[in-house]
Amino acid sequence: MRHPPRSVLLAVAGLVALGTGATLPVMTAHGATPACTVDYTVTGRWDNGFQAAVTITNNAAPVSGWSLAFDFADGQQVTRGWSAKWSQSGTTVTASNESWNGSLGTGASVATGFIASASGANTVPTAFRLGGTACNVDSEPTPTPTPTPTPTPTPTTPPTTDPPGGGDEPPALGVSGNRLVDADGRTRRLLGVNRSGGEFMCVQGHGIWDGPVDDAAIAAIADWNANTVRIPLNEECWLGLSNIKPEYAGTHYVDAVEELIARVEAHGMTPVVELHWTWGQYTGNSAGCSDVHASCQKPMPDMRYTPAFWSSVAGTFKDDPAVVFDLFNEPYPDRATATTAQAWQCWRDGGTCPGIGYEVAGMQDLVDAVRATGARNVILAGGLAYSNDLTQWLTHRPTDPAGRLAAAWHVYNFNSCANESCWNSTLAPVAAQVPLVAGEIGENTCAHGFVDQVMRWFDDRELSYLGWTWNTWNCSSGPALISGYDGTPTAFGIGLRDHLRALDG
């Protein structure tokens, strides 16, 4: 969606914990309560990695800061985590508190977790140290009691730790023919919303997100029965270029994106990481701005920064096969070139494109940048006319050595291809060969008659779609789904909410 820059925007909300909860204390053979207990649970596995939930309980005196350490035995490597500062040196993994969860009173717990790479064995750690104190063992020797008849203990069920939010883990995604599938080969549809903000707040100097992205805000999305959240990003903010305020750039921005993705996954939803705004000056037909910086939608990504952006993003998330990569929001080289043939060639091959003054990165360049990192995540590529035209997508689709490429398509009531006749003639052939994802659907009428029609067409073919957008904007000026981040829908959003809730889980 091409939305205008906003001069007044909500400041980024403070991040809060994914969730905390006590676990039952581990009783030793002597019956003493350990000084600390750690519950370590592997919550998801895939070919070359896994996800684990870790709950720490302090049974000793209150502390104002904590650090947990343990060792891996089989070469596992933590790639990212949440609700703690995760690091690894050799085989030793350390998780230290964040600023908002450092206080642990007696009996208090904190829940955290991480994603790691693994090959071969993945032995679960057995020795944990909280601030140098061994956990899950006696805090002090206990005298041997005088022998007395001992009643048979009542069996208890070992405690389990659900992911924060209580949702199932999002699936590791792949492609089989024209379907998105999980690790067991079951068809998976991406059904949910877009969460706009990360593409414009930082470049405009207001923050990183537009409105809250704390656990309650993400839980509200899941409550609509959504299973996917598309997250638009800005390449200059991710790469930390000098025109972005330092507090919203580079590591600060990347950390915020990782935190949001972890929360989306903790609620059982698939994150789609999407490049929305890019560098490159374009002042031709349908230009969104005259700025060289990433402050509006450009007709194509740029060779100067976009491959570096995708190399970095893919390197960050390559060990998490639940994350989907959407290469570029809404290409429109057809507005710059003289012919459609030139536009499709520009779209795939990039280089010097007629009517575009900067060197273009084509879709093949971006697929290559992703795959060069070793990432095998599913990739989405939208077509021409702001991703509304897929007429020659199959002819010009990039080569993907991983075989995990899908087509992205956007539709609004004011687009050219906005009727079933066009969908039957142009979308159906694409959907017959590769997975098709409607990355944005919407209408600017404050109603939902049009998106109802879109969803029915996609439901009949078991295809994916995501509503634009989960932001509290005025639905009469754009397709805003909500009027409050608690999930209160607009008159437009009611259509998507009710439809998702009516679908089978």
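**A walk through the barrel and its surroundings**

The chain has 11 helices and 19 strands; helices (H or I, at least four residues) and strands (E, at least two) are DSSP runs, numbered from the N terminus. This is a predicted model, in which local features need pLDDT of at least 70 and side-chain atom pairs count only at pLDDT 80 or more, while totals for chains, interfaces and linings use all residues. Residues are numbered from 1 along each chain as its sequence is written, and side-chain values use heavy atoms, with hydrogens and water left out.

Let us begin with the chain as a whole. Of its 505 residues, 56% are buried, where buried means under 20% relative accessible area, exposed means over 50%, and partly exposed lies in between (1.4 Å probe, protein chains only). Among contacts between residues at least 6 apart in sequence, 74% join residues at least 24 apart; a contact here means heavy atoms within 4.5 Å. The chain exposes about 19,600 Å², and carbon and sulfur atoms supply 50% of that area. Accessible areas come from the Shrake-Rupley method with a 1.4 Å probe, and for residues only the protein chains shown count as cover.

Now look for the barrel. Eight strands close into it in the order β12-β13-β14-β15-β16-β17-β18-β19, with parallel pairing. Neighbouring strands of this sheet are turned by 30° against each other on average, direction ignored. Two strands pair if DSSP finds at least two bridges between them, and β13 (residues 228–234) is joined to the parallel strand β14 by seven bridges. Within this pair, I231 stands opposite V273 in β14.

Not counting residues up to four places away in sequence, T228 touches L190, L191, G192, V193, M269, T270, V272 and L466. The C-alpha atoms of T228 and N194 are 8.5 Å apart, although 34 residues separate the two along the chain.

Next come the nonpolar cores, each a set of buried Ala, Val, Leu, Ile, Met, Phe, Trp, Tyr and Cys residues joined through side-chain atoms within 4.5 Å. The largest has 106 residues, and W310, F325, W393, W409, W423 and F458 touch the most other members. Helix α3 (residues 251–266) gives the largest share of this core, seven residues. Apart from it lies another core of 24 residues, among them A52, I56, A116 and A118.

W423 also leads us to a pair of helices. In α9, E420, W423, N424, L427 and A428 meet F450, Q453, V454, W457 and F458 of α10. Helix α9 (residues 420–431) packs against α10 at an angle of about 40°, with the axes 12 Å apart; axes are lines fitted to C-alpha atoms, for helices over the stretch in contact, and angles run from 0 to 180 degrees between N-to-C directions.

Finally, some backbone details in the loops. The peptide bond from W468 to T469 is cis, with omega near -5°, and T469 sits in the loop between β19 (464–467) and α11 (493–502). E462, in the loop between α10 (449–460) and β19, is not a glycine, yet has a positive phi of about 55°. E462 counts as exposed, at 56% relative accessibility. S286 also has a positive phi, near 65°, and belongs to the loop between β14 (270–277) and α4 (306–317). With a relative accessible area of 25%, S286 is partly exposed.
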